[in-house]
Amino acid sequence: MLKLVVCIKQVPMVSELPWDPNTRTLKRNLAEGMMNPACGHALEAALQIKKQHGGHIVAITMGPPMAEEVLYEAIAMGADRGVLLTDRSMAGGDTSATSYTLARAIKKECPDFDLVLCGCYTSDSETAQVGPQLAEELDVPGAAYIEHIAVKDGAFRLHRVTDNFLEVLEMDMPGLVTVTTHTYMPRYPSLEGLQSAFARSDIKILNARDLRLDPAKIGVNGSPTKIINVYSPTAAKKNIVMQGTAKKVVDEIFAKFADRISGAIGKDLKTHYHDNKACTK
Amino acid sequence: MNRSIWVFADYRNYFQNRVTLQLLAKANQLAAQIGAEVCAVVLGYKIDEYVAEYIAHGAQKVVVVEHRSLQKYSMEKYAVLMERLARDYQPEIILIGATAFGRELAPRVAKRLGTGLTADCIGLEMTEDGLLRQIAPSFGGNLVAEILTPEHRPQMATVRAGIFQEIPHNNSLHGEVVRIPLPKDLPKDRLRLIAYQRQPQRDQRLEDARVVVCGGRGMGSKKKFKKLFELAQLLAGEVGATRPVVYAGWIDNDALVGQAGRNIRPQILFSFGISGAIQHTAAVTDAEFIIAVNKNPNATMMKMADVAVVADANQLCSALIKELKDRIQT
């Protein structure tokens, strides 16, 4: 029987999120929340491992009180219990602060875990950093972008395709994986599952004091990175208008943007005149 | 000790190595502003060709740890080595390419050093106070955030491929090579590579393409639309299309960019003869830079473009093809 921990994040469902210029954070409370898609794949992977080998699944999330919703959903899908980490002092943390907080919770709630599963990234911040940093905090081996997990001879056998390499990896227990969205398509929670999840679900709520968190390591204040400015990239667009003959416009495009085009296509677009001369010497 | 900006040498495949070279170029610009030296850190085995290449691309120093046991990329060994080297040499900044490997290595190194890290930067600048301003997309590309690591060192960032332009190879450049022996007390790998296979380069999909050339009805005809393929080929990009063009049979349904088709996020989108129905524009909002061509300056697509060219799409396409052929050396 394997002890599995799945880290789940509730993300806003809309992509047009209200931004609070005073706190420099997203007004998450104004948006409808949903389970981050990749986290759903991580949970599905855990459910399939449990089905094959037996196991116990703890779903952990961190966020405002409403994030409890994703724990009900996880339990309806088949997780055994949920843990919600919620505290104002945890809010606004970067990946360093978040991974510290999650690691403390896992050490307290499931210290003898065999495998921690995370989604490979979240749809709101897309850093893909929390999983690897959580592995460091827990001092366990970790592997990102995993597409298949098997248990073999007391170790995990993992498959992934990264940087154009197909890799088969063996990872000692306990360990951590982040799961891609290519495989382990999440199941829909059954109506029955949802009803029983709400009727008698085992969800524990913990705050910073319960976890005895170091205040210097959590939330905005405990984050090494500071967001100093946020803006909409489309608002920053200059919308340069060009007109005239095709030849004139094309010259103008290259005069202004040859570097940008060259960078994107990975070809040199500027120096050919000099080189041609050098060649004919 | 000299202040230094480090670039992690990611060289496992051609594309990873290109990012390394691009970062060396950017590091040179940043270093000039704070009086630092640029240093490439190369871990591996039989890597002399890369050491020479990085010097020719602007590394003033190359720190090398070469050992048979580093022949294959090892996340755990590399993370420990990067941490220890950074503790010994205390670089101001570490830049790492946002490859799959780099995006996993960087957070581990940052955590071990207790410092901050910004993912997937699209811009890097020095502030007046000599801090690294890390510019990164946030919220699925809908917002851009400027991030500092004011107190912790090193300041760390991963950077996507193709954002910066590499310095041309220059064999007359010199660099110091510092060889560090492999520490004897490295931890045993708890994650082991059992087998690996180089994947054939997959066909570039529209979603992954760095350059997309999209055409609409304004191209004029099926025959004229075909010019876009020639342009896309010159730009190492892919061709996308709007709904009416797909209906008209000028291109396969597969190329549909829009609500019922594909969402794209290229570094440059060329948009030819597209007025900009919402079903199409919603699928291209993540494009970093848009050059739109249309006879109608008031078309929606023209309003959301970085560069709006008021012209006949078909004629401008021909002129672009001609100019690119002139400029690209073969």
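**Cores, interface and strand pairing**

In this predicted model, A:V6 touches A:A42, A:L43, A:A46, A:I57, A:A59, A:A74, A:A79 and A:L117, leaving aside residues up to four places away in sequence. A:V6 belongs to the largest nonpolar core, which has 132 residues. A:V6 is among the core residues with the most contacts inside it, together with A:L43, A:I60, A:V116, A:L117 and B:V41. Two of these, A:L43 and A:L117, are also touched by A:V6. Helix α1 (residues 37–53) of chain A supplies the largest share of this core, eight residues. In soluble globular proteins, nonpolar side chains tend to be buried together.

The contact between the chains was examined next. Here 74 residues of chain B are in contact with 72 residues of chain A. On the chain B side, two or more residues come from each of the helices α1 (14–34), α4 (100–113) and α10 (313–327). The strands β5 (117–121), β8 (143–148), β11 (191–198) and β16 (307–310) of chain B also give two or more residues each. The most comes from α4(B), with nine residues. By residue class, the side of chain B that touches chain A divides into 38 nonpolar, 19 polar and 17 charged residues.

Strand β14 (residues 226–231) of chain A is joined to β8(B) by five bridges. These two strands run antiparallel. Within this pairing, A:N229 has B:E146 of β8(B) as its bridge partner. Strand β7 (residues 132–138) of chain B is likewise joined to β8(B) by five bridges, again antiparallel. Here B:S138 has B:L143 of β8(B) as its bridge partner.

Chain B is assigned two domains: domain 1 spans 4–179 and domain 2 spans 206–327. The C-alpha centres of domain 1 of chain B and domain 2 of chain B lie 35 Å apart.

Terms used: Residues numbered from 1 in each chain as written. Chains lettered and ligands numbered in written order. Predicted model: local features only at pLDDT ≥ 70, side-chain atom pairs only at ≥ 80, totals over all residues. Contact = placed C-beta atoms within 7 Å. Helix = DSSP H or I, 4+ residues; strand = E, 2+ residues; numbered from the N terminus. Nonpolar A, V, L, I, M, F, W, Y, C, P; charged D, E, K, R; others polar. Pairing = 2+ DSSP bridges. Domains from an automatic or database assignment. Core = buried A, V, L, I, M, F, W, Y, C linked by C-beta atoms within 7 Å. Buried ≥ 20, exposed ≤ 12 C-beta atoms within 10 Å, placed from the backbone.
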